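Please look over the sequence and the structure shown here before reading on.

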Amino acid sequence: MSVAFVPDWLKGKAELLEENDQLIRCIVEYQNKGRANECVQYQHVLHRNLIYLATIADANPTNASKAME
């Protein structure tokens, strides 16, 4: 994801978005190789990151609606 499209309230979290991108790619690669059990740790980290980002989004409802405009 390009940082140019990240809403202002999430700009400091761009590194986390990049990390999530890498985690998803790693998870997909392991699954494609039939090694789904080994990607569980990456799924846990991704889940933690997504919960964190969702919590931030919920705490900033006005900023999230502005980003949608």
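## The chain as a whole

Accessible areas come from the Shrake-Rupley method with a 1.4 Å probe. On that basis the chain, which belongs to a predicted model, exposes about 5200 Å², and carbon and sulfur atoms supply 57% of this area. Of the 69 residues in the chain, 19% count as buried, a term that stands for under 20% relative accessible area.

The secondary structure comes to three helices and zero strands, and from the N terminus on the elements run α-α-α. If we take the contacts between residues at least 6 apart in sequence, 52% of them join residues that are at least 24 apart.

Helix α2 covers residues 40-59, and its 20 residues reach 29 Å from the first C-alpha to the last, which is close to the 28 Å expected at 1.5 Å a residue. Which residues of α2 are buried? They are Leu46, Asn49, Leu53 and Ile56. Seen down the axis of α2, these buried residues fall within an arc of 85°, so they line one face of the helix.

The face of α2 that is turned away from the buried side carries the exposed residues His44, His47, Arg48, Asp58 and Ala59. What covers the buried residues of α2, on the other hand, includes helix α1, residues 14-32.

Although Asp21 and Leu46 are 25 residues apart along the chain, their C-alpha atoms are separated by 9.1 Å. Leu46, as listed above, is one of the buried residues of α2.

## An aromatic pair

A pair of aromatic rings is described by the distance of the centres and the angle of the planes. The structure holds one aromatic pair. The rings of Tyr30 and Tyr42 have their centres 5.8 Å apart and their planes at 15°, and because planes under 30 degrees apart count as stacked, the pair is stacked.

The pair links distant parts of the chain, since Tyr30 lies in helix α1 and Tyr42 in helix α2, 12 residues apart. Is Tyr42 buried or partly exposed? At 24% relative accessibility, Tyr42 counts as partly exposed, because that class holds the values between under 20% for buried and over 50% for exposed.

Note on methods. Residues are numbered from 1 along each chain as its sequence is written. This is a predicted model: local features need pLDDT of at least 70, side-chain atom pairs count only at pLDDT 80 or more; totals for chains, interfaces and linings use all residues. Side-chain values use heavy atoms; hydrogens and water are left out. Helices (H or I, at least four residues) and strands (E, at least two) are DSSP runs, numbered from the N terminus. The expected span of a helix is 1.5 Å times one less than its number of residues. Buried means under 20% relative accessible area, exposed over 50%, partly exposed in between (1.4 Å probe, protein chains only). The arc is that of the directions from the helix axis to the C-beta atoms. Contact means heavy atoms within 4.5 Å. Rings of Phe, Tyr and Trp (its six-membered ring) pair if their centres lie within 6.5 Å; planes under 30 degrees apart count as stacked, over 60 as edge-to-face and the rest as tilted.
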